[in-house]
Amino acid sequence: MRKKIVAGNWKMNNNLTETRTLLSELKTKLGTTPQAKVIVAPTFTNLQSAIEELSSSEIIVAAQNMHQAKNGAYTGEISANMLKSIGIETVILGHSERRAYFGETDELLAEKVNAALEHQMTIIFCFGEELKDRKNSNHFAVVAGQLTKGLFHIKDADWDNIVLAYEPVWAIGTGETASPEQAQEMHEFIRETIADTYGQAIADKVSILYGGSVKPGNAEEIFAKPDVDGGLIGGASLDAESFTTITNAI
Ligand code: PGA
């Protein structure tokens, strides 16, 4: 059975007080036995408080990004070792906003993947096509390219530490969601692409999340698709009620 996962990517939202409030609301609303593995990714400055706030909870705290180097003269950056030292075991890599606004390439992401794996971290690896790719019917090739260049150098055993998040760029924060059929079609393609390179057993084991304007009103039909194993939620993860409803839709 593949793990069902709902992850909240808070992006650059919530100061310390707001982080504590939202986490405390989430703990209450999700209860002790959430329907899925639940992950939240607050901003760097609030990770340690989030770990403390959630110490008695099943909710996992993830970072939204990290640098590929071990340490050194990289002003403003955060390493895997620093994250691990405060108890962070999970990191989101390759989010489309990192790719678009901070110039993260597939090649750079491959290095970040290696650094995270060296530290035995779990990676939520994000990828997805832009609108122009879909309009040109190039979306499958773009997604296959992102996977091949950013991720397909890893060893078979490394897949135990990988969660995939397919996030079509045109659906992120736009209110426009991929239809459940579009999500399923791409997730099935992703699983086939993994099977072609790594074999069916690995492909069947990896959780593939859908991200892009998932909301309480559409989560259930998206999550019902056989190759969709959960979601990476942006906007709707900032509200405890919405995030809980989405989690329970699993
Ligand atoms: P959204 O963001 O749910 O606000 O569309 C998803 C994401 O960026 O992970």
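Which polar backbone atom is 2.7 Å from an oxygen atom of the ligand? That atom belongs to Ser213.

## About the model

This is a predicted model, where local features need pLDDT of at least 70 and side-chain atom pairs count only at pLDDT 80 or more, while totals for chains, interfaces and linings use all residues. Residues are numbered from 1 along each chain as its sequence is written, and side-chain values use heavy atoms, with hydrogens and water left out.

## Around the ligand

On its own the ligand exposes 280 Å², and the protein buries 95% of that (areas by Shrake-Rupley with a 1.4 Å probe).

The shell splits into four nonpolar, seven polar and two charged residues. Here Ala, Val, Leu, Ile, Met, Phe, Trp, Tyr, Cys and Pro are nonpolar, Asp, Glu, Lys and Arg charged, and the others, Gly among them, polar.

## Helices 5 and 7

Helix 5 (residues 106-118) and helix 7 (residues 139-150) have axes that come within 8 Å and cross at roughly 45 degrees. Axes are lines fitted to C-alpha atoms over the stretch in contact, with angles from 0 to 180 degrees between N-to-C directions; helices are DSSP runs (H or I, at least four residues), numbered from the N terminus.

Among the residues making the contact are Leu109 and Val113 of helix 5 and Gln146 and Lys149 of helix 7 (heavy atoms within 4.5 Å). The contact residues divide into three nonpolar, three polar and three charged.

Definitions and conventions. Helix = DSSP H or I, 4+ residues; strand = E, 2+ residues; numbered from the N terminus. Polar contact = N/O pair within 3.5 Å; in protein donor to acceptor, adjacent residues only side chain to side chain.
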